[in-house]
Amino acid sequence: MGDKYEDVMRRNRSRIVLLAIAGLVNYWIAVLVFIVAVLIGTIGILFVRGVLEGGDFGLAWKIIRGIPGAIAWAVAAGWLSSPVMAWLFWGFIAIGTLMAFGMMRGRLGKLERSLPSAGAADERVAGILEAVAIAAGVPAPPLAVLEDVALNSCSVGRKPERATIVVTRGLVDGLTRDELEAVLAYELSRVTSFDTGVATWTSAVTGRTIELSEKSERVMVQLALVVSVRLARRLRARTLRRQAGQRDILALGFTRYPEALLSALEKIEADKKPVVAAGAETAPLWLEWPWPDAREADQVPALGSRIQELRTLVSAVGT
C-alpha cells in the first residue's frame, strides 16, 4: 500500500494548508462582524437612551446620517486613495494576519500540552506499541495512558515527530491484547499518515471559536461569532467526514488481525461512558467522537456506520 499511503500523506498535508487558510478567513470574518456589531450596538444604546430620555434620538440620528457623509468627504478629499491610508490599511491587514497565525500556533501548542505527558504510560502498552511500530517500519511515537474509565483513544500533534498517542485506562483494562494492538495500530496509522495532523489543525482552527460560542455569556462575543461559529462547525464536519473512512482503511494495513480491530471498535461503541478530558475543542482528536453538541452528531459518521463499512472491507479482503 506504499503508493496509496503516500497519496494519503500528500492529501493530508494539502488539507492542513487549506485548514490554515480557512482559519485565517474565518478570523477576518469574525473581526469584521465584531466591528459591525460594535457600531450597531453603539447606535442601539443611543436609541435606548433616547427612549429613556423621552424620545430624544438626536445623537443617534446624527451618527446614522453622518456615516454616508463622512465616507463621501473621505473620498472627495482623497483620504481613501492616499498612500498613508494604503499603508495603514495594509499594515492593519498584515498585523491582523500575523496575530491570527500566532493564535493558531498558540492553540496548536496548547492542544499538544493539553493531554497527559508521554511519561504516563505503562510498560506493557508501550511494548505493544513498539512491536506495532517495528512491524510497520515506522518510529514509535510517545505514549500516554489517561486515567479515565471510558474506552477511547486519541493522538495529537501537528507533525508525526511531535505526535503523542493517548489511550484511556478503561481501554487498556477493557480490551484483549490483540484488540489493544489493533487500536494502537489504528492510532499509529493516523500519526504517520498526517491524519492526526489534520485533526490537530482542525481542533486548533475551529475549536476555540466553538468553545467561546458555547461558554461565553457576553452578548458582543456571541454577535461577533454568529457567522464564524457556523463556518467553524461546517469546516470541522466537512474535514472529519472525509477522514473517517480513510483512517479505517489505513488501519487495516497496520494491523495483522482486522477482526481484532473490529472487535475493539464494537467494544468502544458499546461503552457509553464519556471521556472526562474531552471537550468541544479536543473532540476531533478522539477515535470515538465524544459528541459535545448534538447539532454536529449527524455531520460526521458515527462509529457504528464505520464499523459496518470496515466489516464489509474485511469480508471483501477475505474473499
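This is a predicted model: local features need pLDDT of at least 70, side-chain atom pairs count only at pLDDT 80 or more; totals for chains, interfaces and linings use all residues.
F194 comes after helix α6, and its phi is positive, near 70°.

Now step back and select α6 itself, residues 177–192. The helix has 16 residues and reaches 22 Å from its first C-alpha to its last, close to the 22 Å expected at 1.5 Å a residue. How many residues of α6 are buried? The number is 14 of its 16, and α6 is mostly covered.

Stay in α6 and show the side chains of E187 and R190. They meet in a salt bridge, with 3.4 Å from N to O. The two residues are 3 apart in the helix, about one turn. Are E187 and R190 buried or exposed? E187 is buried, with a relative accessible area of 0%. R190 is buried as well, at 1% relative accessibility; buried here means under 20%.

The next stop is a pair from two helices. Select E266 and R311, whose side chains meet in a salt bridge at 2.2 Å, N to O.

Go back to α10 and colour the whole helix. α10 has 13 residues and reaches 19 Å from its first C-alpha to its last, close to the 18 Å expected at 1.5 Å a residue. Which residues of α10 are buried? They are A260, L261, L262, A264, L265 and I268.

Select R169 and E147: their side chains meet at 3.0 Å, N to O. R169 is in helix α5 (residues 169–174), while E147 is in the loop between β1 (143–146) and β2 (153–156), so the pair ties together parts that are 22 residues apart in sequence. R169 counts as partly exposed, at 24% relative accessibility. E147 counts as exposed, at 61%.

Side chains of opposite charge can pair when their charged atoms come close. A search of the whole structure finds 7 salt bridges.

Next, find T200 in helix α7, which covers residues 195–215. T200 is buried, with 0% relative accessibility. What is T200 in contact with, leaving aside its neighbours within four places in sequence? Select L108, L111, V156, G157, R158 and L285 to see these contacts.

For the last stop, turn to the surface and select V17, L18, I21 and V25. These residues form a nonpolar patch, with about 370 Å² of accessible area together. One of them, V25, is in helix α1, residues 2–52. At 45% relative accessibility, V25 counts as partly exposed.

How values were computed: Residues are numbered from 1 along each chain as its sequence is written. Side-chain values use heavy atoms; hydrogens and water are left out. A salt bridge is a side-chain nitrogen of Lys or Arg within 4 Å of a carboxyl oxygen of Asp or Glu. Helices (H or I, at least four residues) and strands (E, at least two) are DSSP runs, numbered from the N terminus. Buried means under 20% relative accessible area, exposed over 50%, partly exposed in between (1.4 Å probe, protein chains only). Patches are made of residues with over 30% relative accessible area and no salt bridge: like charges are joined within 9 Å, nonpolar side chains (Val, Leu, Ile, Met, Phe, Trp, Tyr) within 5 Å. Accessible areas come from the Shrake-Rupley method with a 1.4 Å probe; for residues, only the protein chains shown count as cover. The expected span of a helix is 1.5 Å times one less than its number of residues. Contact means heavy atoms within 4.5 Å.
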